[in-house]
Amino acid sequence: MRTPLILLAALLLPGSALAEDREINGLTGPAAPQGFTLRDLNVIDLGKEFPEGGTLGFRTRYVTLAPGGIVPIHSHEGRPALTYIISGEAIEHRSDTDGPIVRRAGEVTMDVGGIAQWWENAGDVPVVMLVGDVFDQGQAADH
């Protein structure tokens with residue numbers, strides 16, 4: 001009877017052999033974060049600013065990605081974003097490109113059209129990013 005419990009744990013626990021990757025929009029990437037911190041800085045309730053805004057919000061977030069860290073695979077379906085790289089160098093994997101892209105300090109990425117992506121820090125210094133995105137305040141973000 002222990003085998004089903006072990007299999008269930010392997011499927012559900014981050015970092016387990018069976019839960020390592022998932023696929024979104026044709027892109028496969030790590031499902032679990034590693035060395036990734038995210039801090040919400042502020043949110044504007046767009047429903048209060050625009051009658052058609054409904055439950056949409058605009059938020060800014062401060063992201064730090066430690067050396068060896070991973071921002072897990074996620075989708076920007078209905079959640080357009082701009083990411084400014086403040087410092088460091090990260091590798092971005094996107095569903096709308098043929099290969100990884102090296103992102104450096106001073107660059108801005110645009111995440112629209114439902115792309116899927118994940119990030120990794122293969123360097124030896126932290127990567128610091130400022131992210132601004134529109135999101136539905138009534139739904140939990142996938143990262």
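Is Arg104 buried, partly exposed or exposed? Arg104 is partly exposed, because its relative accessible area is 41%. On the cut-offs used here, buried means under 20% relative accessible area, exposed means over 50%, and partly exposed is in between, with a 1.4 Å probe and protein chains only.

Some conventions, briefly. This is a predicted model, where local features need pLDDT of at least 70, side-chain atom pairs count only at pLDDT 80 or more, and totals for chains, interfaces and linings use all residues. Residues are numbered from 1 along each chain as its sequence is written, and side-chain values use heavy atoms, with hydrogens and water left out.

Confidence next. pLDDT is the predictor's confidence in each residue, from 0 to 100. The protein averages 87, and 84% of the residues score at least 70. Residues 1-18 have a pLDDT below 50, and this stretch has 12 contacts in the model beyond near neighbours in sequence; a contact means heavy atoms within 4.5 Å. Where pLDDT is low, the predicted coordinates should not be read in detail.

Now the overall layout. The protein has two helices and 10 strands, taken as DSSP runs numbered from the N terminus: H or I of at least four residues for helices, E of at least two for strands. Along the sequence the pattern reads α-β-β-β-α-β-β-β-β-β-β-β. Of the 143 residues, 33% are buried. Among contacts between residues at least 6 apart in sequence, 68% join residues at least 24 apart. The accessible surface comes to about 8300 Å², and carbon and sulfur atoms account for 59% of that; the areas come from the Shrake-Rupley method with a 1.4 Å probe, and for residues only the protein chains shown count as cover.

Back to Arg104. Its side chain meets that of Glu89 in a salt bridge, at 3.2 Å from N to O. A salt bridge here is a side-chain nitrogen of Lys or Arg within 4 Å of a carboxyl oxygen of Asp or Glu. Arg104 sits in strand S7 (residues 101-104) and Glu89 in strand S6 (residues 89-94), 15 residues apart. Glu89 is also partly exposed, at 42% relative accessible area.

How many salt bridges does a search of the whole structure find? It finds nine. One of them joins Asp40 to Arg61, with the closest N and O atoms 2.8 Å apart. That pair links distant parts of the chain, with Asp40 in strand S3, Arg61 in strand S4, and 21 residues separating them. Asp40 is partly exposed, with a relative accessible area of 44%, whereas Arg61 is buried, at 8%.

The next pair is Arg59 and Asp133, 2.7 Å from N to O. Arg59 belongs to strand S4 and Asp133 to strand S10, 74 residues apart. Both residues are buried. There is also a network of salt bridges linking Glu92, Arg94, Asp96, Arg103, Glu107 and Asp111.

On to the nonpolar interior. A nonpolar core is a set of buried Ala, Val, Leu, Ile, Met, Phe, Trp, Tyr and Cys residues joined through side-chain atoms within 4.5 Å. The largest one has 11 residues: Phe36, Val63, Leu65, Val71, Ala81, Ile85, Ala90, Trp119, Val127, Met129 and Val131. Strand S4 (56-75), S5 and strand S10 (127-136) each give two or more residues to this core. Apart from it lies another core of six residues, including Leu27, Ile70, Ile73 and Ala116. As for Val63, leaving aside its neighbours within four places in sequence, this residue is in contact with Phe36, Thr37, Leu38, Val127, Val128, Met129 and Val131.

What about nonpolar side chains on the surface? Leu41, Leu82, Tyr84, Ile86, Val108, Met110, Val112 and Leu130 form a patch there, with about 690 Å² of accessible area together. Patches are made of residues with over 30% relative accessible area and no salt bridge, joined within 9 Å for like charges and within 5 Å for nonpolar side chains (Val, Leu, Ile, Met, Phe, Trp, Tyr). Strand S5 (81-87) and strand S8 (108-111) each supply at least two residues, and S5 gives the most, with three. Leu41 comes from strand S3 (residues 34-45) and is partly exposed, at 39% relative accessible area.

One backbone item to finish. Asn25 has a phi near 50°, a positive value in a residue other than glycine. Asn25 is in the loop between strand S1 (21-24) and strand S2 (27-30), and is partly exposed, at 46%.
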